[in-house]
Amino acid sequence: LETEPVGSVLCVVKYRADNAYQYAGKSVYIDQIAVDANHRNKGVGQKLIARALELAFNLDIDLVQLDHWTLNEEAGAFFQKQGFRYYNHRMEITVPL
């Protein structure tokens, strides 16, 4: 029996107002998700995602979103395996000061 946490998920409920740039809506955003390296590939991540989906269901929200670092291909593959799909790309540029 595990007595120490082996993973965590932080969800934020987001509400968007209707305006000229977006439609009104609500979503559950997975802001952070982590699984201890010694407990990966044992179903912990799947259980954390399931809890986020359960939260959305219980709040009558039909959209769950998240993002991950582009170079973290392992995370991308995991999230796709859980049913997530890519829908946009974020970009940045550093301004020399």
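**Overall fold and aromatic contacts**

The protein chain has 2 helices and 3 strands (DSSP runs, H or I of at least four residues for helices and E of at least two for strands, numbered from the N terminus). Going along the sequence, the order is β-β-α-β-α. With a radius of gyration of 16 Å, well over the 13 Å that the globule rule gives for 97 residues, the protein chain is more spread out than a compact globule (C-alpha atoms are used, and the rule is 2.2 Å times the number of residues to the power 0.38). Its C-alpha trace spans about 50 × 40 × 25 Å along the principal axes.

This is a predicted model, where local features need pLDDT of at least 70, side-chain atom pairs count only at pLDDT 80 or more, and totals for chains, interfaces and linings use all residues. Residues are numbered from 1 along each chain as its sequence is written, and side-chain values use heavy atoms, with hydrogens and water left out.

Of the 97 residues, 22% count as buried (under 20% relative accessible area, with exposed over 50% and partly exposed in between; 1.4 Å probe, protein chains only).

As for the rings, the structure holds 2 aromatic pairs. One of them joins Phe 79 and Phe 84, edge-to-face, at 6.1 Å centre to centre and 75° between the planes (rings of Phe, Tyr and Trp, the last by its six-membered ring, pair if their centres lie within 6.5 Å; planes under 30 degrees apart are stacked, over 60 edge-to-face, the rest tilted). Both Phe 79 and Phe 84 are buried, and together with Phe 78 they make up one aromatic cluster.
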